[in-house]
Amino acid sequence: RVISGAADTVSRKTGELVELTRLKNQVFNLEREIKRDYADLGKMIYEQYLKTGVVDESLQPICQGITKKERLVEQYEGEIECLKKEH
């Protein structure tokens, strides 16, 4: 009977551990999806800003900053290409 009770305890604890792991994986996956949704939402807002020039006033500095950074990326990529051609 002692062995049976110990086996039941181990079995119960194993089941709890499996359930805990399953729930943690669910949370991780949902949080990852939420981050992706935030990124998609931000991209949609920025694309709307590019098309219309209109965005909530509080978001304008962020959108303008993205535009400046994109221009710098283009500039630096052009400089990289020039340097590659020289060598």
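Analyst: Happy to! Let's start with Glu19, which is partly exposed at a relative accessible area of 36% (buried means under 20%, exposed over 50%, partly exposed in between, with a 1.4 Å probe and protein chains only). The side chain of Glu19 meets that of Arg22 in a salt bridge, 2.8 Å from N to O; the term stands for a side-chain nitrogen of Lys or Arg within 4 Å of a carboxyl oxygen of Asp or Glu. Arg22 is partly exposed too, with a relative accessible area of 40%. Both residues lie in helix 1, three residues apart, about one turn of the helix (helices are DSSP runs of H or I, at least four residues, numbered from the N terminus).

A word on the basis: this is a predicted model, where local features need pLDDT of at least 70 and side-chain atom pairs count only at pLDDT 80 or more, while totals for chains, interfaces and linings use all residues. Residues are numbered from 1 along each chain as its sequence is written, and side-chain values use heavy atoms, leaving out hydrogens and water.

Searching the whole structure gives three salt bridges. Another one joins Arg12 and Glu16 at 3.5 Å, N to O. These two are four residues apart in helix 1, so about one helical turn separates them. Arg12 is partly exposed at 46% relative accessible area, and Glu16 is partly exposed at 43%.

Over in helix 2 (residues 60-86), Lys84 and Glu81 are three residues apart, again about one helical turn. Their closest N and O atoms are 4.0 Å apart in a salt bridge. Lys84 is exposed, at 54% relative accessible area, whereas Glu81 counts as partly exposed at 40%.
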